[in-house]
Amino acid sequence: MGHLANWLGPAWARLLAGLFVVALAISLGLVAVFGPERWVISVQLALAWVCLFAVAWALHARAAPKDRRRLWLALGPGLVLLAIGVVWPDGVLFLAGVGVGWIVVAQFVLRSRVRMEYQAAIRHLRNSAYDEAAAVMDGLIEAEPDELGHRRFRAEIFRLAGQLDRAIDDYQSIVARDPDSPVGLAGLAETYAQSGDFETARRYAQQAHERDPGQWMGAYNLGLIEDRLGLAAETIQHLEQALDLGVPQSRYRLLTRLWLARNYARQGQPDAARAQLDLLREQTAGLRDWQMVFESEQAAALRGLLEADVRLAQAIIEGEDRLDRLEPA
């Protein structure tokens with residue numbers, strides 16, 4: 001549930017949680033006052049329908065356009081059957097059962113299965129055989145050129161292999177085919193940041209964030225890049241925004257607090273910087289996560305971009321308290 005709430009964003013998560021609480025309170029209140037009357041069951045089913053429809057609409061709002069048809073194929077018939085059950089009391093239990101059953105079964109019938117090609121590519125990646133992994137995806141892209149997820153996965157392979165020009169080509173192809181999606185733009189931002197071209201990275205990161213301002217990762221990426229460019233006010237703005245949106249994992253909160261401390265210090269606000277260092281020291285789980293990540297051979301790109309900051313965060317957790325140490329070497 002936590003991952004779903006993070007994906008939907010705080011506004012939708014709060015709205016759905018509030019709706020569920022209200023529906024549950026009304027349902028329990030009706031049972032307490034009137035008992036298990038048939039009309040009470042119909043009202044309870046209507047409340048359940050409203051909650052399910054709200055979830056479906058939230059998923060529709062957050063899903064990529066190409067995924068919305070599959071979503072409604074999975075949920076639509078079940079919602080229709082549940083709605084009929086509400087207005088046909090004699091069939092309420094049967095239709096409710098069939099409607100809920102369809103929603104459950106459809107998740108298995110319509111679920112995208114992991115392609116054999118992806119499994120093969122992942123096996124090659126585990127052996128650091130990047131060319132072989134990319135070759136597997138070449139065939140899949142040739143067979144299904146309109147499936148942008150294939151190009152995104154191949155771009156990630158190229159990034160792991162250090163073939164940044166080829167990764168950029170794939171991300172640009174994604175942007176050309178789906179200009180409203182932030183995926184290709186975010187990939188370009190991350191790849192240019194990996195190459196050290198932070199000016200170009202920032203341009204693409206801004207565009208990605210504009211297309212999906214409710215996701216924390218876009219604001220986080222902007223803060224990372226602006227930290228590297230020495231743009232203190234902009235870094236603080238976007239990292240605080242990321243925290244407001246909800247940074248879900250400790251390892252990202254660790255670096256967010258470090259970069260906030262650095263940029264508050266740059267702005268001559270030592271008290272605010274030290275407050276961030278205190279919050280950073282709470283993220284010991286995040287430090288352990290980064291240490292495990294960096295042990296992998298496939299983490300070479302991340303090490304080049306983030307390892308110095310992770311080492312600095314470790315020194316702070318172990319007792320380092322000098323604000324002048326916050327600047328990168």
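Biologist: Which term describes how α7 and α8 run to each other, roughly parallel or roughly antiparallel?

Modeller: In this predicted model, α7 (residues 130-143) and α8 (residues 148-160) pack at an angle of about 165°. Angles over 145 degrees count as roughly antiparallel. Therefore the term for α7 and α8 is roughly antiparallel.

Biologist: How many charged residues are in the contact of α7 with α8?

Modeller: From α7, the contact includes Y130, M137 and D138, and from α8 it includes R151, F153 and R154. Asp and Arg count as charged. By class, the contact of α7 with α8 has ten nonpolar residues and one polar residue, and its charged residues number three.

Biologist: What is the distance between the axes of α14 and α15?

Modeller: Two packed helices are described by the angle between their axes and the distance between the axes. For α14 (residues 250-266) and α15 (residues 270-280), the angle is about 165°. That makes α14 and α15 roughly antiparallel to each other. Their axes are apart by 8 Å.

Biologist: Which class has eleven residues in the contact of α14 with α15?

Modeller: Among the contact residues are L254, L258 and A261 of α14, and A272, L277 and L280 of α15. Ala and Leu count as nonpolar. The contact of α14 with α15 also has one polar and one charged residue, and the class with eleven is nonpolar.

How values were computed:
Residues numbered from 1 in each chain as written. Predicted model: local features only at pLDDT ≥ 70, side-chain atom pairs only at ≥ 80, totals over all residues. Heavy atoms only, no water. Axes fitted to C-alpha atoms, helices over the stretch in contact; angles between N-to-C directions. Helix = DSSP H or I, 4+ residues; strand = E, 2+ residues; numbered from the N terminus. Parallel < 35°, antiparallel > 145°, perpendicular 65-115°, else oblique. Contact = heavy atoms within 4.5 Å.
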